[in-house]
Amino acid sequence: MSQMVEPKPKFQESNYIFHYRRTTQEGDWEQIHSHQGIEFLYVHEGNGHLIFDQKLHSVSAGTLLMCQPYQLHKFKMNISRESPYIRSVLVFDPFLLERYAAAFPALHAFFHKIWKARLDQQVFQLNPEDQMLLSQLLQDFHTSLNSCPSLQQTEEVVLFLFTLLRELRKLAEAGQKHASDGSLRTNSRHVEQMMAWIEEHFQEEFSLDRLAESLHLSPYYASHLFSKETGCTLSQYVLAHRLRESRLLLSTTDLTIAQVGQQTGFNSSAYFVKSFKSKMGMTPHTYRKQVNKSFED
């Protein structure tokens, strides 16, 4: 089953989340979510595709995703015991690195670009040499993190991030090709057009008829195609997008809870609070308090 967002933000307990070679061997891996921090995800093994930035990207061993705060993304992986999905994931609070990066001007500028700028490329397909290098970096980081005292773990994370940023800067400068080839297919183009339409109209009451008419498709075909290609329904995608936008507004503005709900397409404050709590595990008010507290810390 699809999961809309991660149950709750976790930066209140730690400035980072790291999973090394997390493996899924059974079932479907279909998750649409966003993070409060910056995420790097590297695919060691597995095949499938990724919804990211209103586009479909093919995913295979060697795919690297670089995701900015609050960017929606969703993996739909083809999983079996013979073909597991193995990935390493690092999500970190950008303010963690900001404290240390100023001493390195060039790297600091690149980090700010990753954090806040509009990026030309965020999905990479690494060549065999770069795959070996990144796999070794991740293994060394995993070993160091598990062997050092807890008080030194933040230092290990920062040192690893500096090393990773240097390698990412080389990839960006080399102009590595996107992992995606799905956008060349007619079906994928239709799906990307649907995601773009939702991006433009998510603040309004969702209408399948209007969306389908804009693409010159029948409502049934549009709904069926989106579910088949992405693994989630149009309604689930709309809700995920609205929740993503609401989290961003709760974190960066002083709008009231009612105003946030209204500006992100929820037809009542009660429905907004209910939907937010159901997917995030807390009310919008509690979420805002926790995010503000993490910034103060």
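How many disulfides does the structure hold? In this predicted model, the number of disulfides is 0. A disulfide is a covalent bond between the sulfur atoms of two cysteines. Two cysteines were examined for their accessibility. Cysteine 148 has a relative accessible area of 12%, and cysteine 232 has one of 2%. Because burial is assigned under 20% relative accessible area, cysteine 148 counts as buried, and cysteine 232 is likewise classed as buried.

Confidence in the prediction was considered next. Averaged over the protein, pLDDT is 86, and 88% of the residues reach 70 or more. Among the elements of the protein, the highest mean pLDDT, 96, belongs to strand β3, which spans residues 38–45, whereas strand β2, formed by residues 29–33, has the lowest, at 67. Two segments require separate mention. Over residues 1–13, pLDDT stays under 50, and the model has 45 contacts beyond four places in sequence for this segment. Over residues 177–184, pLDDT also stays under 50, with 26 contacts beyond four places in sequence in the model. Where pLDDT is low, the predicted coordinates should not be read in detail.

Two or more lining residues are given by each of the strands β4 (47–52) and β7 (73–78) and by each of the helices α1 (94–101), α2 (105–116) and α8 (234–252). Helix α8 supplies the largest share of this lining, with 7 residues. By residue class, the lining of the largest pocket consists of 14 nonpolar, 9 polar and 8 charged residues.

Leucine 165 lies in helix α4, which runs over residues 153–174. With a relative accessible area of 3%, leucine 165 is buried, since the assignment applies under 20%. When neighbours within four places in sequence are set aside, the residues in contact with leucine 165 are Leu97, Leu107, Phe110, Phe111 and Ile114.

How values were computed:
Residues numbered from 1 in each chain as written. Predicted model: local features only at pLDDT ≥ 70, side-chain atom pairs only at ≥ 80, totals over all residues. Heavy atoms only, no water. Disulfide = S-S within 2.5 Å. Buried < 20%, exposed > 50% of the residue type's maximum accessible area, 1.4 Å probe, protein only. pLDDT = per-residue confidence, 0-100. Helix = DSSP H or I, 4+ residues; strand = E, 2+ residues; numbered from the N terminus. Contact = heavy atoms within 4.5 Å. Nonpolar A, V, L, I, M, F, W, Y, C, P; charged D, E, K, R; others polar.
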